[in-house]
Amino acid sequence: NFREEMWWVFSAYLIGNVVCQASTQGWIFPGDPACEASQTYHDNSIDVLKPQYFDVTNNGKINLLNDPYTCNMYNASNAADIIAHSKQQFITTSCDYTSFSSLVHSTANVKSAINTFLSFLQETNFTGIEIDCESYEMWTSSDFSAYISFLTQLGNTLHNNGFQLMIDGPAIDSEDTQGAYPNFLYESFEGVPVDYIVSMVYDNQYAYQSGVAVAPNNWTVDCTNWMISKISDINRIVIGMPSYGYYGPLGTQQITEDTKNQTESMPGYATALRDSGSFEMMWTNQGVFYDYQDTEGLDSKRKLIESLGIQHISVWHLGGNDWFSQ
């Protein structure tokens, strides 16, 4: 009848608007120098918190990170605090190539992983799981096919039980860069039950040498546009951006990442100038290059990304770094 039809229309409207709401997201990794993560999310309004509670062992088993002497690892109190200070919560699960391969190519490991994830989400009432398996340049076509199968099974199970799935991927800005990751194709996630797809648009310094930005603006724009061209629903796209910095002898690959708090004690900190091509703060002292992010730079980078139509921003990382002004 008419009343029932209007109820469904109104429900669809509400669901659509919830899904499309913009969000700021923050990754939380275990251990130093991120032990001040809780201060960041206590002092600021962050929509989505993403603690790394799991990794994957070399034999493809899901491993809960719960060392009581390491900050930001799982315990009931930490999980409750995460829920109390966010609208959504995703459990980040990290793996390298060996552990990734052992997981996705084993039917038994895939089944065990899905059961572990589902049981943990039901216990904690978190929103979902985020899969962060990197070393994408090493993936084979067989690896990628197995990954898609794994995500399909995991995503369907999570969705059937009211949970969500997010995945991470490399920053790709051009066909040349795609060539470095021939077996990771963003367009292949069309139709796969994944709610959010993250492009980690940072770590640019590792492709060059000390002396360049973590995330240059033109590169950020190109990587974002690449995602938009490959994923039809822009509301599935999440752009990862940095809040961390680094230092190292100028023109070398001797790069050490650090937080804003750590950077403040470095020699020459007061001489830093803003780089117009990245909004990042930079200086050189006695042959060592330093780079850090501050609130002004974070605000500008976020505004740049959102100007391209992106609704979701994820920041690496909470703890010892600045956050947005609002």
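The torsion about the S-S bond of C95 and C133 is about 115°, so this disulfide is right-handed, where a disulfide is a pair of cysteine sulfur atoms within 2.5 Å. C95 lies in strand β4 and C133 in strand β5 (residues 128–133), so the pair ties together parts that are 38 residues apart in sequence; helices (H or I, at least four residues) and strands (E, at least two) are DSSP runs, numbered from the N terminus. This is a predicted model, in which local features need pLDDT of at least 70 and side-chain atom pairs count only at pLDDT 80 or more, while totals for chains, interfaces and linings use all residues. Residues are numbered from 1 along each chain as its sequence is written, and side-chain values use heavy atoms, with hydrogens and water left out.

**Disulfides**

- In general terms, a disulfide is a covalent bond between the sulfur atoms of two cysteines.
- In the pair of C95 and C133, the distance from S to S is 1.8 Å.
- C95 is buried, with a relative accessible area of 7%, and C133 is also buried, at 4%; buried means under 20% relative accessible area, exposed over 50%, and partly exposed in between (1.4 Å probe, protein chains only).
- The other disulfide is formed by C35 and C71, whose sulfur atoms are 2.0 Å apart, and with -80° about the S-S bond this link is left-handed.
- C35 lies in the loop between β1 and α2, and C71 in the loop between β3 and α3, so this pair ties together parts that are 36 residues apart in sequence.
- C35 counts as partly exposed, because its relative accessibility is 35%.
- A further cysteine, C223, is buried, with a relative accessible area of 0%.

**Overall form**

- The protein has 10 helices and 14 strands.
- Its radius of gyration is 20 Å, close to the 20 Å that the globule rule gives for 326 residues, so the protein is as compact as a globular protein of that length; the radius is taken over C-alpha atoms, and the rule is 2.2 Å times the number of residues to the power 0.38.
- Along its principal axes, the C-alpha trace of the protein spans about 70 × 50 × 45 Å.
- Of the 326 residues in the protein, 51% are buried.
- Among the contacts with a separation of 6 or more, 74% are between residues 24 or more positions apart, where contact means heavy atoms within 4.5 Å.

**The largest pocket**

- The largest pocket has a volume of about 750 Å³, a volume being the space filled by probe spheres set on grid points that are joined across faces, edges and corners.
- On a 1 Å grid over the protein atoms alone, a pocket is an open set of points where a 1.4 Å probe fits, with protein on both sides within 12 Å along at least five of seven lines, and lining residues have an atom within 4 Å of a point.
- The lining of this pocket consists of 29 residues, of which A171, Y181, M200, Y202 and D203 lie nearest its centre.
- The elements that give two or more residues to this lining are β1 (23–28), β2 (48–56), β4 (88–95) and β6 (164–170).
- By class, the lining has 15 nonpolar, 6 polar and 8 charged residues; Ala, Val, Leu, Ile, Met, Phe, Trp, Tyr, Cys and Pro count as nonpolar, Asp, Glu, Lys and Arg as charged, and the others, Gly among them, as polar.

**Backbone details**

- A cis peptide bond joins D32 and P33, with omega about 5°, and P33 is placed in the loop between β1 and α2 (37–43).
- The peptide bond from W316 to H317 is also cis, with omega near 10°, and H317 lies in the segment after β14 (312–316).
- N72, a residue other than glycine, has a positive phi near 70°; N72 lies in the loop between β3 (62–64) and α3 (76–84) and counts as buried, at 12% relative accessibility.
- F279 is not a glycine, although its phi is positive at about 70°; F279 is found in the loop between β11 (273–274) and β12 (281–285) and counts as partly exposed, at 23% relative accessibility.

**A surface proline**

- P68 is exposed, with a relative accessible area of 70%, and its place is in the loop between β3 and α3.
- P68 and P182 are 114 residues apart in sequence and, from C-alpha to C-alpha, 40 Å apart in space.
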